[in-house]
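Have the sequence and the model side by side as you read. The paragraphs below go from charged side chains to aromatic rings.

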Amino acid sequence: MVERVSTPLDLTYMALADPTRRAILQRLRSAEARVTEIAEPLPMSLAAVSKHIVVLERAGLVRREVRGRDHYLSADPQPLTEAEKWISDYTGFWERRADALADHLEQHLHKGPTP
């Protein structure tokens, strides 16, 4: 088996792939929150939520600050910049391909059927 080293982009997309992690990020968009506040509405144990938070931290999407016994989380949108750029690059590529296909079909339709 080949061992892969994850790039920051891999970690970002892996973190975003799960709906629970996206819900955590959504919650943190408005303000920082304690881990227990994040876990409260989620239908899983605090331990399971903590595992999701670790994935988000590893991707750099969430930062943790310990104040006494409380752990506060805040969102860090910086890693999303690279993910957005990757999507944008591929969106442009596929738009150009679709435009080329449309041009090709338009030319083919105006020529009419070949005998």
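The model shown here is predicted. The side chain of Glu32 meets that of Arg67 in a salt bridge, with 2.8 Å from N to O. These partners come from distant parts of the chain: Glu32 sits in the loop between α2 (19–30) and β1 (33–34), Arg67 sits in strand β2 (residues 62–67), and 35 residues separate them. Arg67 is partly exposed as well, because its relative accessibility is 34%. Glu65 also belongs here, as Glu32, Glu65 and Arg67 are linked in a network of salt bridges.

How many salt bridges does the structure hold? There are six. Another one of them brings together the side chains of Glu57 and Arg64, again with 2.8 Å from N to O. Glu57 has a relative accessibility of 24%, so it counts as partly exposed. Arg64, with a relative accessible area of 33%, is partly exposed too.

Now turn to helix α5, which spans residues 78–111. Asp89 and Lys85 form a salt bridge here, and their closest N and O atoms are 2.9 Å apart. Why are the two separated by about one helical turn? They are four residues apart in helix α5, and this spacing is why about one turn lies between them. Asp89 counts as partly exposed, because its relative accessibility is 40%.

Helix α5 also contains Glu95. On the surface, Glu95 gathers with Asp99, Asp103 and Glu106 in a patch of negative charge. Is Glu95 buried, exposed or in between? Its relative accessible area is 47%, so Glu95 is partly exposed. A patch like this is made of residues with over 30% relative accessible area and no salt bridge, and the 47% of Glu95 lies on that side of the cut-off.

The last stop is the aromatic rings. A pair of such rings is described by the distance of the centres and the angle of the planes. The structure holds two aromatic pairs. Tyr13 and Trp86 make up one of them, with 5.9 Å from centre to centre and 70° between the planes. The pair is edge-to-face because an angle over 60 degrees counts as such. Tyr13 lies in helix α1 (residues 8–16) and Trp86 in helix α5, so this pair ties together parts that are 73 residues apart in sequence. Both residues are partly exposed: Tyr13 has a relative accessible area of 28%, and Trp86 has one of 41%.

Trp86 also pairs with Tyr90: the ring centres are 4.6 Å apart and the planes stand at 35°, so this pair is tilted. The angle falls in the range left over once under 30 degrees is called stacked and over 60 edge-to-face. Trp86 and Tyr90 both lie in helix α5, four residues apart, which is about one turn of the helix. Tyr90 has a relative accessibility of 42% and therefore counts as partly exposed. Tyr13, Trp86 and Tyr90 form one aromatic cluster.

Conventions. Residues are numbered from 1 along each chain as its sequence is written. This is a predicted model: local features need pLDDT of at least 70, side-chain atom pairs count only at pLDDT 80 or more; totals for chains, interfaces and linings use all residues. Side-chain values use heavy atoms; hydrogens and water are left out. Patches are made of residues with over 30% relative accessible area and no salt bridge: like charges are joined within 9 Å, nonpolar side chains (Val, Leu, Ile, Met, Phe, Trp, Tyr) within 5 Å. Accessible areas come from the Shrake-Rupley method with a 1.4 Å probe; for residues, only the protein chains shown count as cover. A salt bridge is a side-chain nitrogen of Lys or Arg within 4 Å of a carboxyl oxygen of Asp or Glu. Lys and Arg count as positive and Asp and Glu as negative; His and the chain ends are not counted. The place of a charge is taken as NZ of Lys, CZ of Arg, CG of Asp or CD of Glu. Buried means under 20% relative accessible area, exposed over 50%, partly exposed in between (1.4 Å probe, protein chains only). Rings of Phe, Tyr and Trp (its six-membered ring) pair if their centres lie within 6.5 Å; planes under 30 degrees apart count as stacked, over 60 as edge-to-face and the rest as tilted.
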